[in-house]
Amino acid sequence: MPVELSMDHDFNAAILNVTAHRPWKMPQRPWVMTQTWHDLLFAHWPVRPESVESGLPAGVELDLFDGAAWIGIVPFRMTNVAPRGVPSLPGISEFPEINVRTYVTAGGRPGVYFFSLDAGNALAVRAARLLLNLPYFRASIAVTRRADAIEFESRRDNEPASFRATYEPDGAPFVPVTGSLEYFLTERYCLYHFNRRRVPYRLDIHHPPWKLTTARAEIADDRIAAAAGLALGDREPLLHVAKRQDVVAWAPEKLESYSA
């Protein structure tokens, strides 16, 4: 499938000075990578905690909101994907992605745990698997904008894991209030996973506060969740979109509470 992506090489370095909103201080060591996320859909479903607890890294606990765990499917496109000090390169630094995730916490720091990440860039998939042991998969992904609507279609190579949706904003942008469900689902500044030796790690990120908009979406295919062994149930998802987010990331660190 064709991929329509813009040539946005315009990372906003000023985000490094926007820190008052963070739930903990930025790491003191140098960050290592930039990314810019565009045209995100946050589609979320509440699920029973026991349906997603298995497989989490040691030392990481499922994070709940009002007793429920949440599964998120998040399609978007990325630009400015580059190591620190390296310019963005067309065809390498920009590609579409979709992830399936839940929310976890360790050591008082809430974060994200990914069940899968599908990307339309084979080099990025190989690098993430090699360096971070993240469950990345190569997929054919088409992203098309029609006025304010985004058409997103993903099909994983050689596996029945697919997603197809059209989504658009349906309201005015807002910044989630601390303690709200929207804040719980989006304002997270690290991810958790484990390396090839099954040692759990935290990977910190930084970005400004999210600006979300309630959304409407037609999700025609969500088999990407089932491919991760997840059942979304019959409830309608909670939907938000975000236009853009500039992000820096640090190298992963072993969890402090873990002893091999």
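The model is predicted, so local features need pLDDT of at least 70, side-chain atom pairs count only at pLDDT 80 or more, and totals for chains, interfaces and linings use all residues. Residues are numbered from 1 along each chain as its sequence is written, and side-chain values use heavy atoms, with hydrogens and water left out.

Start with charge. Side chains of opposite charge can pair when their charged atoms come close. Here a salt bridge means a side-chain nitrogen of Lys or Arg within 4 Å of a carboxyl oxygen of Asp or Glu. The structure holds 14 salt bridges.

One of them joins Arg29 to Glu253, with the closest N and O atoms 3.4 Å apart. This pair links distant parts of the chain, 224 residues apart. Arg29 lies in the segment before strand E1 (33–47), and Glu253 lies in strand E13 (residues 253–254). Strands (E, at least two residues) and helices (H or I, at least four) are DSSP runs, numbered from the N terminus.

How covered are these side chains? Buried means under 20% relative accessible area, exposed means over 50%, and partly exposed is in between (1.4 Å probe, protein chains only). Arg29 is partly exposed because its relative accessibility is 26%. Glu253 is partly exposed too, at 37%.

Two more pairs follow. Glu50 bridges to Arg48, with the closest N and O atoms 3.3 Å apart. Glu50 is exposed at 54%, and Arg48 is exposed at 56%. Asp246 meets Arg244 at 3.0 Å, N to O. Asp246 is buried, at 6%, whereas Arg244 is partly exposed, at 30%.

Salt bridges also form a network. It links Asp39, Arg77, Arg145 and Lys243. Two of these names return around Ile150, which sits in strand E7 (residues 149–156). Is Ile150 buried or exposed? Ile150 counts as buried because its relative accessibility is 4%. Beyond its neighbours within four places in sequence, Ile150 is in contact (heavy atoms within 4.5 Å) with residues including Asp39, Arg145, Val143 and Tyr167. Ile150 and Phe163 are 13 residues apart in sequence and 13 Å apart in space, C-alpha to C-alpha.

Now the surface. Leu89, Ile92 and Leu123 make a nonpolar patch of about 250 Å². Patches are made of residues with over 30% relative accessible area and no salt bridge; nonpolar side chains (Val, Leu, Ile, Met, Phe, Trp, Tyr) are joined within 5 Å, like charges within 9 Å. Areas come from the Shrake-Rupley method with a 1.4 Å probe, and for residues only the protein chains shown count as cover. Ile92 lies in the loop between strand E3 (69–83) and strand E4 (95–106). Ile92 is partly exposed, at 40%.
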